[in-house]
Amino acid sequence: MALTLYVDTARWRAHHKQILDQFPGMVPVCKGNGYGFGHERLCEEATRLGTDILAVGTTYEAATIKDLFGGDLLVLTPFRRGEEPVPLPDRVIRSVSSLDGVRGLVGARVVIECMSSMRRHGISEQDLGQLAAAIEDVRLEGFALHLPLDRPDGSDPVEEVIGWMDRLRAAHLPLHTMFVSHLRSEDLARLQAQFPQTRFRARIGTRLWLGDHDATAYRGSVLDVTRVAKGDRFGYRQQKAASDGWLVVVAGGTSHGVGLEAPKALHGVMPRAKGVARAGLATVNRNLSPFVWAGKQRWFAEPPHMQVSILFVPSDAPEPKVGDELVAHLRHTTTQFDRLLDA
């Protein structure tokens, strides 16, 4: 009895091939929990795709993934002086986002991140004059731009990249490779046509591994079912049942990521209204679970436990049976499954 991630492998891999065809030279990203699939599985899939490089989040991830993937590893978190040293092979490439970072990595392979409209980290235009001398002491693998997902101002992401290409060229810096994130395939084609001497490589994670939502599904096994009448007390806090129905114990709790939710950016009146409604219900201990039974998401009977959740299914719905599996709408990047089954 488990929380299981089912993967339609043929469909999933067909999607990978489609993305690779759209983005030649793509750099797959394997970071965090491996987008819900785990590092080992994504390394296998990246190898199957024939990629020569894999992007990872941190040096700690690189230390693990180096034994799972035989190509180059690009660490996306920028180097900072004073960080804990992690023994890594020469095929690991470090991102840097400052002059000080470049100067602190003498002899290393580096990708230099430029400050984009994300305003997260990156070297500034004012530093370009000193950068030419600094890169003489490193092995420059290219520059990089991490771009925003949304552009409510209507700005063109291609123009943002072109702006940086022009600045780098004016500073007489080598432009053999530019790593980019969050561009469309047609955007990449425009850039490649305008700068034929530069190789543009798209770093892609979510769109690659999670772009086909119907290729994967989480399901939790029903472990126990108990009938309750209106007013019966149950659970750790001895709450009262609001009506007749069943308490359904299903595999999947906080250790799996059930009940955890990353903050969302809400746009528009309706999404905000729904958010307010959910918050209001939560104040009276009404929280919608990710588990679906008989076509409806069911309410948590109480907050999820470590490895299981208890749901309330009202008597007007079919009675779940032990061994049934409930589809669970879970966020891949915050979920840890018990097992993965290929279909």
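**View 1. Strand β9 in the lining of the second largest pocket.** In this predicted model, β9 gives the most to the lining of the second largest pocket, contributing 3 residues. Strand β8, strand β9 (199–204) and helix α8 (206–209) each supply at least two residues of that lining. The pocket has a volume of about 670 Å³.

**View 2. Centre and composition of the second largest pocket.** In total, 27 residues line the second largest pocket, and K31, Y35, H146, S181 and H182 are those nearest its centre. Sorted by class, the lining comprises 13 nonpolar, 9 polar and 5 charged residues.

View 3. T177 belongs to strand β8, which covers residues 177–181. The relative accessibility of T177 is 12%, so T177 counts as buried, the cut-off being under 20%. Beyond its neighbours within four places in sequence, T177 is in contact with E141, G142, F143, T198, R199 and R201.

**View 4. F143 and its contacts.** Neighbours within four places in sequence aside, F143 is in contact with V111, I112, C114, L131, L168, L173, P174, T177, M178 and F179.

**View 5. The largest nonpolar core.** This core has 89 residues, and those with the most contacts inside it are F37, I112, L131, F143 and L168. Helix α6 (residues 157–170) provides the largest share of this core, with 6 residues. Another core, of 8 residues, lies apart from the largest one and includes V228, L247, I310 and F312.

Technical notes:
Residues numbered from 1 in each chain as written. Predicted model: local features only at pLDDT ≥ 70, side-chain atom pairs only at ≥ 80, totals over all residues. Heavy atoms only, no water. Helix = DSSP H or I, 4+ residues; strand = E, 2+ residues; numbered from the N terminus. Buried < 20%, exposed > 50% of the residue type's maximum accessible area, 1.4 Å probe, protein only. Contact = heavy atoms within 4.5 Å. Core = buried A, V, L, I, M, F, W, Y, C linked by side-chain atoms within 4.5 Å. 1 Å grid on protein atoms, 1.4 Å probe; cavity = no way out; pocket = protein on both sides within 12 Å on 5 of 7 lines; lining within 4 Å. Points joined across faces, edges and corners; volume = space filled by probe spheres on them. Nonpolar A, V, L, I, M, F, W, Y, C, P; charged D, E, K, R; others polar.
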